[in-house]
Amino acid sequence: MSDRELEVLAIVAEDKTDREIASRLVISERTVRAHVSRIIRKLGVASRVGAAVVFVEWKVRV
């Protein structure tokens, strides 16, 4: 996973919307959606909630 995808995932785990993520990272909402789609695919989960759970569990273990 790229550094930017990890950055997006961390913000997704904060329960932020695509608009909020885009604003914080100074990128478009479309770019956020593309990152989230790739994250979901790479993690093999069904949704952004599943991705957030994987991230939180990983952070707890590290």
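Helices α1 and α4 have axes that come within 9 Å and cross at roughly 100°; axes here are lines fitted to C-alpha atoms, for helices over the stretch in contact, with angles running from 0 to 180 degrees between N-to-C directions. The two helices are therefore roughly perpendicular to each other (65 to 115 degrees counts as that). Keep in mind that this is a predicted model, where local features need pLDDT of at least 70, side-chain atom pairs count only at pLDDT 80 or more, and totals for chains, interfaces and linings use all residues. Residues are numbered from 1 along each chain as its sequence is written, and side-chain values use heavy atoms, with hydrogens and water left out.

**Helix packing**

- Where α1 meets α4, Leu9, Ala10 and Val12 come up against Arg48, Ala51, Ala52 and Phe55 (contact means heavy atoms within 4.5 Å).
- That α1 with α4 contact splits into six nonpolar residues, no polar ones and one charged; Ala, Val, Leu, Ile, Met, Phe, Trp, Tyr, Cys and Pro count as nonpolar, Asp, Glu, Lys and Arg as charged, and the others, Gly among them, as polar.
- Helix α1 (residues 3–12) also packs on α2 (residues 18–25), at an angle of about 130° and with the axes 10 Å apart.
- That makes α1 oblique to α2, and their crossing is right-handed (the near helix is turned clockwise from the far one by less than a right angle).
- On the α1 side the contact uses Arg4, Glu7, Val8, Ile11 and Val12, while α2 brings Ile21, Arg24 and Leu25.
- By class, that makes five nonpolar, no polar and three charged residues for α1 with α2.

**The core**

- The largest nonpolar core has 14 residues, and Val8, Val12, Ile21 and Val36 have the most contacts inside it; such a core is a set of buried Ala, Val, Leu, Ile, Met, Phe, Trp, Tyr and Cys residues joined through side-chain atoms within 4.5 Å.
- Two or more residues of this core come from each of α1, α2, α3 (29–43) and α4 (48–61).
- Leaving out residues up to four places away in sequence, Ile21 touches Val8, Ile11, Val12, Lys16, Val32 and Arg48.

**A buried histidine**

- His35 sits in helix α3 and is buried, at 10% relative accessible area (buried means under 20%, exposed over 50%, partly exposed in between, with a 1.4 Å probe and protein chains only).
- With residues up to four places away in sequence not counted, His35 touches Arg4, Glu5, Val8 and Ile27.

**Loop residues with positive phi**

- Asp15, in the loop between α1 and α2, has a positive phi of about 65° although it is not a glycine, and is exposed at 68% relative accessible area.
- Val26, in the loop between α2 and α3, is not a glycine either, yet has a positive phi of about 55°; Val26 is exposed, at 71%.

Notes. Helices (H or I, at least four residues) and strands (E, at least two) are DSSP runs, numbered from the N terminus. Angles under 35 degrees count as roughly parallel, over 145 as roughly antiparallel, 65 to 115 as roughly perpendicular and the rest as oblique.
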